[in-house]
Amino acid sequence: MKLKELCNVTSSKRIFASQYQNSGIPFYRGKEISLLSNNEKIEQELYISEALYQEINKKYGVPKKDDILMTAVGTIGNCYIVKDEKIYFKDGNIIWLKDIDSKKILPKYLYYYLNLNSTKNTIDSLLIGSTQKALTIESFKNVEIDVPNIEIQSKIVKLLNILSNKIRLNTDVNNNLYEIGKTLFENLFELENFENKNLNDVCDEITRGYTKNYVEKSNIINLNQKVNKGKTLEKQYFKYLDEKQEIPVNRFVKKNDILLNSLGQGTLGRVHLFLENTDNVVVDQHITIIRTDNNIINPYYLYYLLVSKKYQDKLVELVTGTTGMQMLNISAIRELKIPIPMKKNSDNFEKNVKLIFEKININNLENENLIKLQDTLLPKLMNGEVNIDNVEI
């Protein structure tokens, strides 16, 4: 069935910047929806008043429990299923699925279906725009949804909830581990005064990645900005490079490389610490590869520094270009001033935080396998290829 036959596909009433407040009803943009979709903690920045919320509710309605919000600009396709809460969201950036006909489709089933890689591929084929991709409501309305009977949907939801809860548990553990590492990082600054150096002077290498000659499938993977979600990698967005071409060795990502998204809106300035041992993953040319000199600073310290609010603000100040073609110039990144801790304190920090990131990587890899299992199971459960009554977790 087409999506428009199952629910109302719409957006929100426009909220003007002058109506934002520092407290009240949380107001979500694509940024917050993307974080919520990955069970990430958000630092709420924008709110609207209770009075405005009630006015909108009376005239147009507001998101209710089990409605689905999906990002439609920038990083597209991230879904959040609304809990029993008061929220509102930005028009144009987010698509709102409401009035879901529960006699035809369970909201949680629809949520899981929208998160399928195959559904995301369909959505990608509908995007418009060159520099700033977007999904329109009109095209999204006509996406075909496979709808088994409600009894089958209910069993599928029950099974996928088990997998989802395990993924959420791992994510919560990782979020807590990140916070422990952040606390250890912040404690460093209570120990000493720091000498400032250019980032280029404390790294073995700072370079852009490589992108040329894509193919449908190969053993050479291209890690692009869309894959880089900051704390995690969404590997379903990997692209592939022609194996016959010569790729510079330094463009292959190494364990403990720091990857900094350096072109385009939405993901610009996003930082990822690569934790895996691989020999076939090439970093995209729109990402800056930062390899630290461990004799001066360790990658864990630099990671926490670059994701801190202070340095995220510094990176914003370095952005050049026009809307849709904004970038971080590599020369400006190389000249970024970095506070250097004493080697003794840095080594002690590295020793403790290394263990934290090893556990984070284990949980991330388990989540990747669980997500693959979800993606594999749902189609097979829908068509009866796998009998849900025989599935054990």
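A residue is called buried when its relative accessible area is under 20%, exposed when that area is over 50%, and partly exposed in between (1.4 Å probe, protein chains only). By this definition Thr 211 is buried, because its relative accessible area is 18%. The model is predicted, so local features need pLDDT of at least 70 and side-chain atom pairs count only at pLDDT 80 or more, while totals for chains, interfaces and linings use all residues. Residues are numbered from 1 along each chain as its sequence is written, and side-chain values use heavy atoms, with hydrogens and water left out.

**Thr 211 and its surroundings**

- Thr 211 is found in the loop that runs between strand 9 (203–208) and strand 10 (214–215); helices (H or I, at least four residues) and strands (E, at least two) are DSSP runs, numbered from the N terminus.
- The side chains of Thr 211 and Asp 284 are joined by a polar contact of 2.7 Å. Such a contact is a pair of N or O atoms within 3.5 Å; within protein, one must be able to donate a hydrogen and the other to accept it, and residues adjacent in sequence count only if both atoms are side-chain atoms.
- At 3.1 Å, the side chain of Thr 211 also reaches the backbone nitrogen of Gln 285.
- Apart from neighbours within four places in sequence, Thr 211 is in contact (heavy atoms within 4.5 Å) with Asn 222, Asp 284 and Gln 285.

- The structure contains 16 salt bridges, each being a side-chain nitrogen of Lys or Arg within 4 Å of a carboxyl oxygen of Asp or Glu.
- One of them pairs Arg 29 with Glu 45, whose closest N and O atoms are 2.9 Å apart. Arg 29 lies in the loop between strand 2 (25–28) and helix 1 (30–37), and Glu 45 in the loop between helix 1 and strand 3 (47–48), so the pair ties together parts that are 16 residues apart in sequence.
- Glu 45 counts as partly exposed, because its relative accessibility is 38%.
- Arg 29 and Glu 45 also belong, with Lys 31 and Glu 32, to a network of salt bridges.

**Salt bridges within helices**

- Glu 55 and Lys 59 form a salt bridge of 3.7 Å, N to O. Both residues lie in helix 2 (residues 50–59), four residues apart, which is about one turn of the helix.
- With a relative accessibility of 40%, Glu 55 is partly exposed, whereas Lys 59, at 57%, is exposed.
- Lys 141 and Glu 138 form a salt bridge with their closest N and O atoms 3.3 Å apart. Both lie in helix 5 (residues 137–141), three residues apart, about one turn of the helix.
- Lys 141 is partly exposed, at 22% relative accessibility.
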